[in-house]
Amino acid sequence: MGSDVVSELTDIVGAAHVLTESDVTAQYVADWTGRWRGATSAVVRPADTGEVARVIAACNRAGVGVVPQGGNTGLVGGSVPMHDEVVLSLVRLNGIDGVDPIGHTLAAGAGVTVARAQSAAREAGLTFGIDLASRDSATLGGIVATNAGGVRMIKYGDTRAQLLGIEAVMPDGSVLTRWKSFRKDNVGYHLPSLLAGSEGTLGVVTKVLMKLHVPPSQTHCALLGIPTVGAAPRLVDSLRRTGLTIEAAEFMTDAGVTLVGRHRGLRRPLSTDVPYYLLVEVSGPPDSEALLLRTLELAGDLVVDATVERDRAARLWSYREAHTESVNAASSTPPVKLDITTPLAAVEPFVDALTRTVTAEFPDARVILFGHIADGNVHVNLLDVEPQQAQRITGRVFELVAEYDGSISAEHGIGRSKASWIHLARSAVDIEVMKAIRNGIDPALTLNPHILPAR
């Protein structure tokens with residue numbers, strides 16, 4: 001990238017917000033997993049939508065690629081500049097315009113973290129429907145770009161389901177504003193839904209209008225020791241049939257809980273050794289605790305052991321939320337992290353097939369599984385995988401996912417790490433339609449030019 005482009009970008013955002021020194025830009029060119037590392041000539045940090053528009057227009061004219069970046073907590077390399085693109089950091093777009101306590105909405109900049117959005121909603125007596133372990137660094141722009149799900153998706157849906165309005169800068173620098181605080185608006189294509197999950201390839205989200213929710217008056221959390229993977233969705237179904245609302249349902253293995261215990265210095269959560277765990281949080285009528293306990297009593301051998309706590313039950317949740325950091329600390333190499341979904345009926349046979357395959361073909365690798373079991377979403381973590389084996393083991397897992405009619409990306413996106421296997425999840429016609437949409441909106445491929453189907 002020429003010095004004249006850097007000079008123009010400096011004129012737009014100010015010298016303090018164009019970073020070019022390699023020791024300063026280092027944190028922007030590597031992803032959270034440590035598996036993807038690139039390079040950039042400049043990191044640009046605009047202050048508002050107007051500056052974002054001018055930056056993108058300038059890069060478009062100069063033929064320079066732009067990689068949008070929020071909290072950089074992605075796991076698929078989608079926000080890493082692998083070809084010396086400009087990094088467009090949106091962290092300064094961090095204003096919360098307001099919370100509507102009657103209309104139940106939150107208007108905020110793309111750089112606002114999920115944790116801040118949650119806090120603003122709580123202050124108004126409401127709840128923000130997206131929750132994930134990276135809440136302190138993941139941004140609203142990032143969760144829209146990847147259509148994040150998280151632990152509350154079972155109740156509230158993914159980000160797309162909660163996105164009411166959007167402001168975004170298009171590849172030529174024009175600004176798209178679709179801003180309605182209600183859902184009944186059937187005028188043409190629903191462009192916010194199109195941008196959600198597009199991973200920054202169709203437009204750069206600068207501001208969002210998110211739906212908020214009334215929180216339950218009380219919840220109960222149960223950590224259940226279960227004998228099989230298949231017991232988890234069966235138990236969730238039983239709880240739903242009582243009239244209880246499932247707030248969250250998380251699956252863990254004994255191997256994962258053991259890693260967490262060692263890393264965090266926690267004791268075993270149950271008095272009985274079990275191969276699998278189900279963490280379930282429920283809400284409902286005043287007798288919801290009695291309904292929960294009665295359902296567990298009737299579950300028979302589906303539940304080996306259990307403990308129940310009221311409200312958020314931070315102690316029980318710590319075993320689930322510390323999984324990612326514990327996996328990273330325990331692996332001798334950057335772990336291979338694969339976010340997949342299978343139909344609920346296929347979760348157990350898929351897990352069995354996965355375990356057998358990795359043991360037989362990659363005997364040095366360790367498998368740690370956890371995830372949002374009620375959605376069929378399993379986070380596959382492969383530890384101690386030699387870097388030269390990462391592609392091959394990833395391919396084998398994705399082949400199994402396709403065999404069980406699943407998806408190779410549940411909520412993290414495709415990015416760079418999954419681009420080679422998109423044909424396993426989408427037909428040739430599907431891919432061509434996506435290419436046509438992208439090439440129609442961004443013919444120069446200015447935005448995140450090297451991910452998702454292009455030409």
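## Salt bridges

A salt bridge is a side-chain nitrogen of Lys or Arg within 4 Å of a carboxyl oxygen of Asp or Glu. This is a predicted model, in which local features need pLDDT of at least 70, side-chain atom pairs count only at pLDDT 80 or more, and totals for chains, interfaces and linings use all residues. Residues are numbered from 1 along each chain as its sequence is written, and side-chain values use heavy atoms, with hydrogens and water left out.

The structure contains 19 salt bridges. One of them joins R294 and E297, at 3.6 Å from N to O. Both residues belong to helix α11, three residues apart, about one turn of the helix; helices are DSSP runs of H or I with at least four residues, strands are runs of E with at least two, and both are numbered from the N terminus. E297 is exposed, with a relative accessible area of 57%, while R294 is partly exposed at 47% (buried is under 20%, exposed over 50%, partly exposed in between, with a 1.4 Å probe and protein chains only).

E289 pairs with R310, the closest N and O atoms being 3.4 Å apart.

## Helix α16

K435 and E432 form a salt bridge with closest N and O atoms 3.5 Å apart. Because they are three residues apart in helix α16, about one helical turn separates them. E432 is partly exposed, at 45% relative accessibility.

V429 also lies in helix α16 and is exposed, with a relative accessible area of 60%.
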